[in-house]
Amino acid sequence: MENFEKYIAKGKEISFIDVPENEILQTLNINRRVLNVLKSYNKCSKNKIYDLTERIILLNAALTYVENEETLHETYLKEHITHKKNYLSYLKKTMTSAF
């Protein structure tokens with residue numbers, strides 16, 4: 001827990017809450033490329049350590065597509081995806097340093 005608090009103290013905003021499921025994403029007015037990347041992200045296994053890297057890569061890709069978007073939904077997604085990516089990065093760092 002102490003490492004987690006240090007990570008947060010470094011200014012990393014994190015969230016364990018996942019990005020919206022595909023059914024919800026389809027109802028939002030968001031960029032088609034973002035939608036496709038997040039659909040791929042949602043297909044990844046979320047209970048296997050070796051899938052963390054793939055999930056982080058997909059979240060980075062989604063961030064590049066929403067970087068210059070200014071709709072309300074995409075602004076929300078940008079913040080949410082960033083926090084989730086930071087959380088997964090923290091988990092990956094913690095898990096790989098434990099082995």
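Accessible areas come from the Shrake-Rupley method with a 1.4 Å probe, and for residues only the protein chains shown count as cover. On that basis, the chain exposes about 6500 Å². Carbon and sulfur atoms supply 54% of that area.

Now, what are we looking at? This is a predicted model, where local features need pLDDT of at least 70, side-chain atom pairs count only at pLDDT 80 or more, and totals for chains, interfaces and linings use all residues. Residues are numbered from 1 along each chain as its sequence is written, and side-chain values use heavy atoms, with hydrogens and water left out.

Confidence next. pLDDT is the predictor's confidence in each residue, from 0 to 100. The chain averages 82, and 86% of the residues score at least 70. Among the elements, helix α4 (residues 52–66) has the highest mean, 93. The lowest belongs to α1, at 53. Where pLDDT is low, the predicted coordinates should not be read in detail.

On to the fold. The chain has 5 helices and 0 strands. Helices (H or I, at least four residues) and strands (E, at least two) are DSSP runs, numbered from the N terminus. Of the 99 residues, 35% count as buried, meaning under 20% relative accessible area with a 1.4 Å probe, protein chains only.

Let's zoom in on one residue. Where is S15? S15 sits in the loop between α1 (2–9) and α2 (22–27). S15 is buried, because its relative accessible area is 14%. Its side chain reaches the backbone nitrogen of I17 at 3.1 Å. Leaving aside neighbours within four places in sequence, S15 is in contact (heavy atoms within 4.5 Å) with H83, K84 and Y87.

Terms used:
Buried < 20%, exposed > 50% of the residue type's maximum accessible area, 1.4 Å probe, protein only. Polar contact = N/O pair within 3.5 Å; in protein donor to acceptor, adjacent residues only side chain to side chain.
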